[in-house]
Amino acid sequence: MLYLYSSPFKPSDSRRMEAVRAQYETQINAFSDLLEDLPDTDEPVWVLGEQYCVKAEKSELLSDIRSRLWFTYRKKFCPIGGTGPCSDTGWGCMLRCGQMILAQALIYRHLGREWRWEKENCHPKEYHRILHCFLDRKDCCYSIHQMAQMGVGEGKSVGEWYGPNTVAQVLKKLALFDEWNSLAVYVSMDNTVVIEDIKTLCKLQPTKGLLKPSSSGQVEPQAMGSMLGQLNPQAQGTPGSHPGWKPLLLIIPLRMGINHINPVYTEALKECFKMPQSLGVLGGKPNLAYYFIGFIGDELIYLDPHTTQAAVDPDFDGTVDDQSYHCQRRPQRMKILNLDPSVAVGFFFKTEADFDRWCTFVQQEILKKRCLRMFELVEKHPPHWPPFIPPTKPEVQTTGAELIESMDKLFESEEEFEILNV
């Protein structure tokens, strides 16, 4: 179920957005022809925990980058909030980067790091369901509509630019309404990751109810265990889950300098891309966001959301033309010292053992070997902090609930069709 705020957007704002969109559309379309190819070097390339040699593994490297879900500016979608903008060109780049880092976590969760996208190939139903979560529709749980309106609660008007920390907070709130993926989202505070709090969050038993709208539109909780038992008596959790641990998306907002990134942080930042749990980095330049997925030498590799494409609607059978959701251009790169010091680093942990290994690595490789730490990793909740209270999903009236239920029924009918035709 989804949580929607009323839109504070005004008609005059819509005209301003259209002017910005037109300006961007004239700049971006031929940009891919100007990109430099990857350098012919012996230096390793790291992409989200995977190492490549450009000379020997270039096609594998490009396939890996192309397989990441690529979310860009879109136009001609349903107005946000009913009267808001029909495009996010000029203001939605950090929201799109937030979608990309979350989508990568969902790919890890359901398909694994080794999964690759190939043009014209058939892909697992989990892939299509992940993609549906991000379509530009008000009833999709991580759509630009949901993110922009959830941002109102973070003090951001619809159409206002976001920073890395704000988009992390928006993702944390929206994940509470996503029953299928069932992710725990932890956003660190004051550059500090608290192991005790994360384990409390991820080991929390699902005692809260599922939200189901009544005929009057009022949300009514139903017991999670009872609902799962009705749907599947053998169910032990959602597919890909591990008993006793809720898969974790960890986002660490950081400030690595004042006006420019401090060079003492660069090696530690690059170490983050080497970790198998890496989801990359949200960052960029002032009012210009990118999703960084790796590095080569002193250059960061990133996916750029600053391309305006038409919104894509599902076909009558629920399938989506996904060609525009994978970047088939040459990889884009940026000098690491040109990075704005405000970033957010992401990691995904499917199991508790995975998280424990990451903690050990961080303590040994990043915290002990670097003279200036990017962030702190502590065992216990700091006594001077407020008590840690895991977030819970509020009982709210929802918009688009019937459409979401119809999408769930569509996926269920597809599964039944596959079984009948085996």
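# Salt bridges, cores and spaces

Lysine 393 counts as buried, at 9% relative accessibility. Buried means under 20% relative accessible area, exposed means over 50%, and partly exposed covers the range in between (1.4 Å probe, protein chains only). This is a predicted model: local features need pLDDT of at least 70 and side-chain atom pairs pLDDT 80 or more, while totals for chains, interfaces and linings use all residues. Residues are numbered from 1 along each chain as its sequence is written, and side-chain values use heavy atoms, without hydrogens and water.

Stay with lysine 393. Glutamate 179 is its salt-bridge partner, with the closest N and O atoms 2.4 Å apart. A salt bridge here is a side-chain nitrogen of Lys or Arg within 4 Å of a carboxyl oxygen of Asp or Glu. Glutamate 179 sits in the loop between H6 and S4, and lysine 393 in the loop between strand S15 (376–378) and helix H11 (401–420), so the pair ties together parts that are 214 residues apart in sequence. Helices (H or I, at least four residues) and strands (E, at least two) are DSSP runs, numbered from the N terminus. Glutamate 179 is partly exposed, at 26% relative accessibility.

The structure holds 21 salt bridges. Another joins glutamate 267 to lysine 270, with 3.2 Å between the closest N and O atoms. Both residues lie in helix H9 (residues 266–274), three residues apart, so about one helical turn separates them. Glutamate 267 is partly exposed, with a relative accessible area of 40%. Lysine 270 is buried, at 8%. Elsewhere, salt bridges with shared partners link Asp64, Arg68, Arg113 and Arg116 into one network. Within it, the side chains of arginine 68 and aspartate 64 meet at 2.8 Å, N to O. Arginine 68 and aspartate 64 are both buried.

Now the nonpolar interior. In soluble globular proteins, nonpolar side chains tend to be buried together. A nonpolar core is a set of buried Ala, Val, Leu, Ile, Met, Phe, Trp, Tyr and Cys residues joined through side-chain atoms within 4.5 Å. The largest one has 73 residues, and Leu69, Phe134 and Tyr291 have the most contacts inside it. Helix H3 (residues 93–110) gives the most to this core, with twelve residues. Leucine 69 touches residues including Met100, Ala103, Ile107, Tyr127 and Leu303, leaving aside those up to four places away in sequence. Contact means heavy atoms within 4.5 Å.

Last, the spaces. On a 1 Å grid over the protein atoms alone, a cavity is a set of points where a 1.4 Å probe fits but cannot get out; a pocket is an open set with protein on both sides within 12 Å along at least five of seven lines; lining residues have an atom within 4 Å of a point. Points are joined across faces, edges and corners, and a volume is the space filled by probe spheres set on them.

The second largest pocket holds about 380 Å³. It is lined by 20 residues, of which Lys172, Tyr186, Val187, Met189 and Phe388 are the closest to its centre. Helix H6 (164–175), strand S4 (184–187) and helix H7 (195–202) each give two or more residues to the lining.

The count comes to one cavity of 30 Å³ or more. The largest cavity has a volume of about 50 Å³. Its lining includes Ile65, Leu303, Asp304, Arg329 and Arg330.
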